[in-house]
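Please look through the model below before reading on.

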Amino acid sequence: MAEVKKIAVIAGDGIGPEVVAEAVKVLKKTEELFGYKFELEYGLFGGIAIDEKGTPLPQETLEMCQRADAVLLGAVGGPKWDNNPKELRPETGLLGIRKALGLFSNIRPAVVFDCLKDASTLKPEVLEGTDLIVVRELTGGIYFGEKFRREGANGQEAVDTCVYNVQEVERIVRQAFEIAQKRSKRLASVDKANVLETSRLWRETVNRIAPEYPDVELEHVLVDNCAMQLLRRPSSFDVIVTENMFGDILSDEAAMLTGSIGMLSSASLGEGSFGLYEPVHGSAPDIAGQGIANPIATILSVALMFQLTFGYAEAGQVIENAVKSVLDAGHRTGDIAVDKSKAIGTKEMGDLIVAAMSR
Ligand code: IPM
Ligand code: MG
């Protein structure tokens, strides 16, 4: 009998519950196909937790995640909470859960599916062969440095501090080198070392540990140049490692290479095998409740969970193949459909993928 794996499920806000429901169907189908056993526990998080519990990250949700082997997250946020004070914003819960669970590494693959090349705003020949991963530092930098307001000579001033220590840089960079070793052995370290002190420390640290990975070809790319090169020569990148805010921005850019942010999965990892898996896209309040959101990013996040946390490589592959075959057969949700009148809904897409799963 397979060992029971505990998965904490936090659907969140907007389209979160809709896309997570489809990912859960995929989990169930994997139990059937492979004899795996998953114990799902559901918790409140984000805007819905603010409404029901008065905080975006209730203690019981955090404890549920700490008890679990992995977390499946939908999306959080929405206009309803946008003007709330900081402690009562869904995003604060997201940053809090990353920090509390020690998830310092965020892995965002951007793979261009051949059959979707037309959905991208870039020319197909530029996209050809694009298959990269952004490894983003997730619990440091300007996101977590001291922030405050003060009265200055010219009125109110706001301060956000960006802090990195060597250990924080080392652990994420090592992880990126290790990922690169398992792929095509190219690593681009992205910084702003011509201006920022944190970036100079970043670059020094990368250079110091690089000799330990002689098989990986390393390039340093300034963040502004990287933003440009991602549009000019996306297929030349393999693994990109960068600090928190640069990673936030570049991973959205990389996402759009694929045609739709609705396709991209992500993993947030710490030191062990535990991980939090979520689609890169947000809660899309404009289409929430309509049953038209693309569930593929969340479904692919389950595949990533199997590969990175559970070591269920074959099951991960079965999911990826199923997604690919459904897309190859021409089925599209609205975000990736060229002919919007033929678009299918969230549930239909989920059902088609489940039906296509086989060993
Ligand atoms: C992301 C999001 C978050 C971030 C927001 C919602 C706080 O943009 O996961 O990329 O900036 O990290
Ligand atoms: Mg972002």
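Phe310 has a relative accessibility of 9% and counts as buried, because the cut-off for buried is under 20%. This value, like every other one here, comes from a predicted model. Phe306 is buried as well, with a relative accessible area of 0%.

Two rings can be compared in a simple way. A pair of aromatic rings is described by the distance of the centres and the angle of the planes. For Phe306 and Phe310 the centres are 6.3 Å apart and the planes are at 35°, and the pair is classed as tilted. These two residues also belong to an aromatic cluster, together with Phe34, Tyr36, Phe38 and Tyr312.

The structure holds eleven aromatic pairs. Another of them is formed by Tyr164 and Trp202: the ring centres are 6.0 Å apart and the planes meet at 75°, so this pair is edge-to-face. It links distant parts of the chain, as the two residues are 38 residues apart. Tyr164 sits in the loop between strand S7 (155–160) and helix H6 (166–182), while Trp202 is in helix H7 (residues 197–209). Tyr164 and Trp202 are both buried.

Apart from neighbours within four places in sequence, Ile353 is in contact with Val26, Ile296, Ile299, Ala322, Val323 and Val326.

The next part concerns annotated positions. An unreviewed UniProt entry places the feature "binding site" at Arg98, Arg108, Arg136 and Asp224. These residues span 127 residues in sequence, and the farthest two C-alpha atoms are 26.6 Å apart, so the four do not all gather at one spot. Which of these residues does the lining of the second largest pocket include? The lining includes Arg98, Arg108 and Arg136.

Arg108 lies in strand S4 (residues 105–111), and at 9% relative accessibility this residue counts as buried. Not counting residues up to four places away in sequence, Arg108 touches several others, including Arg98, Arg136, Ser251, Ser265 and Ser266. Arg136 lies in strand S5 (residues 131–137) and is buried, with a relative accessible area of 1%. With neighbours within four places left aside, the contacts of Arg136 include Arg98, Arg108, Tyr143, Glu243 and Asp248.

Two loop residues remain. Lys185 has a positive phi of about 65° although it is not a glycine. Lys185 is placed in the loop between H6 and strand S8 (186–191), and its relative accessibility of 32% makes it partly exposed. Ala284, also a residue other than glycine, has a positive phi near 40°. Its place is in the loop between strand S12 (275–279) and H10. At 22% relative accessibility, Ala284 counts as partly exposed.

Notes:
Residues numbered from 1 in each chain as written. Chains lettered and ligands numbered in written order. Predicted model: local features only at pLDDT ≥ 70, side-chain atom pairs only at ≥ 80, totals over all residues. Heavy atoms only, no water. UniProt positions renumbered as here; feature names shortened; annotations may be inferred. 1 Å grid on protein atoms, 1.4 Å probe; cavity = no way out; pocket = protein on both sides within 12 Å on 5 of 7 lines; lining within 4 Å. Helix = DSSP H or I, 4+ residues; strand = E, 2+ residues; numbered from the N terminus. Buried < 20%, exposed > 50% of the residue type's maximum accessible area, 1.4 Å probe, protein only. Contact = heavy atoms within 4.5 Å. Phe/Tyr/Trp six-rings, centres within 6.5 Å; stacked < 30°, edge-to-face > 60°.
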